[in-house]
Amino acid sequence: MPSGLLHGTMISKRSLRAMEPKGTPHGSMADRAHPETGAPPDPARREGRFPCAFPARSVRGRLFFRRWRFLDYLADGFFKGISLIFSMEEEVWTAVFTTLKLSGLSMVVTLLLGVPGGFCLGYFSFPGKKILRVTVDTLLSIPTVVVGLFVYAFISNRGPLGQYGLLFTIPGMAIGQTILALPIVLALTASAVETMDSRLRFTLLTLGAGGKRLLLSTLWESRHQILLAAVTAYGRVTAEVGVSMMIGGNIKWHTRTITTAITLETGKGEFSTGVALGLLLLALSFVLNWSLAFLRRRTES
Amino acid sequence: MNSAAAPLYEIRNLACSYGDDPVLFIDRLDIPADGPTAFIGHNGSGKSTLLKALAFLLKPASGTVRFLGGETAGRENEFRRQATLLLQEPYLLRRTVFENIAYGLRARNDTKGLRDRVAEGLEMVGLPADFSKREWFQLSGGEARRVALASRLVLRTRALLLDEPTANVDEENAILIAGVVKNSWKQWGTVPLVASHDLQWLEGVCSRTVSMRRGKIESTAG
């Protein structure tokens, strides 16, 4: 529904008329005389459609009617969505479990590569470090569909990794999500290590740490910021649609995630299923944001 | 290493710089191992830089530092375990007080009687044993400083380098720290080297004074 319909002041009479089907007089069926019998409009019928004190043919009346229908539609979807969650609808929960499985796999690979990589990027000085840092920072905002496109090209039958049959599978989707999340973990871990208190190194050295212990202790001291990076990356992975849609193909019971299911159900007009999945995604986001806030407080203290 | 007769530190033509800025140049200085030494001087006179160099945390631009007769160049990791520095603003690791004090002992693989030694360290700085359970963020500035001092004292190194140990510390704690520093020398032979502006406090702790100005040694006394 165009957002303008929610804001009556934005809509002119002319635009309202333009929305109506061509060749019909202005106003709804309840406002007009019967086309065959020529009977006058039925005021009771008109009044029964929505509790409106405005004349039905007025602009305000029509706007009120449209808003009422929209709110009714939204509330209906919301309550049906809630009931779908609690009725353990298999289709809904399969999408949730697929999302958790996929994001879990992506995050394990991302953290295994990202934390050591980010630490090295922040801790050590080496030729080309600045260029690498700029590249990683640039990749932070890489569009999901671009990642989807390239991964598709690599893992489709004609691609160099086509023999592994990764297209339309969860591991294939995980490759794409890892590419999305890796720059976040790399960049934030590197920043965490770079901005560590300069006294930390002196303290660890003067207490007798050296070699591996010095590196591991530095990593441990930045654990809250690294967790923050992990949570941020997890948020990116669970909310993306492009990679999941392009690589996974949104196959029911198989590669359908929360976000791709919402896209599909909304397109089909199954608003309540979309709302149910949306609520579950929001709940996941809430847990993530709560964790972020907790970690931020802990880091600041 | 001839530690019986050799001075604690023998410094020759030592130059330190931050980037291209030279901040310290000492032609010759011997620091004996027979008692505490104080370093005095205005802000920017090079006291903190000298202490970092003596703790082998700062690589000299040129010159040599011998520790108990041994050449330290290229063996900093080895000598770092015999000299520990308490920074002007001590940094506590993001762990419990126990873990902070035990860290140095663990780094030396010296974990025998760890719990008792941590409790002893806390007692030396006037903190109760159950303080060890506290997290780093639950400490006041003065408590954090005392925990940091305890984590150095339990190591019983040959040299204990203290940079402004009484800065932002109340009188009661300043007296306590003075007692701890003198005690570490008397009990274990740990030689305290202290940089401070508090001349009255230094007088009660150190018998020898090195005066510094603009990165150079101005005079020595005692």
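In chain B, strand β7 (residues 159–163) and strand β8 pair in the parallel sense over 5 bridges. Strands here are DSSP runs of E, at least two residues, and helices are runs of H or I, at least four, numbered from the N terminus. Two strands pair if DSSP finds at least two bridges between them. This is a predicted model, where local features need pLDDT of at least 70 and side-chain atom pairs count only at pLDDT 80 or more, while totals for chains, interfaces and linings use all residues. Residues are numbered from 1 along each chain as its sequence is written, and chains are lettered from A and ligands numbered from 1 in the order in which they are written.

Back to β8(B). The bridge partner of B:D163 there is B:A195. Strand β3 (residues 37–40) of chain B also pairs with β8(B) in the parallel sense, over 3 bridges, and B:T37 stands opposite B:L193.

Is β8(B) buried or exposed? In this strand (residues 191–195), 5 of the 5 residues are buried, so the rest of the structure largely encloses it. Buried means that 20 or more other C-beta atoms, placed from the backbone, lie within 10 Å of the residue's own. B:V191, B:L193 and B:A195 are on one side, B:P192 and B:V194 on the other.

Now chain A. Helix α4 (residues 90–123) and helix α10 (residues 223–239) pack at about 140°, axes 10 Å apart. Axes are lines fitted to C-alpha atoms over the stretch in contact, and angles run from 0 to 180 degrees between N-to-C directions.

Methods: A residue is buried if 20 or more other C-beta atoms lie within 10 Å of its own, exposed if 12 or fewer, and partly exposed in between; C-beta atoms are placed from the backbone.
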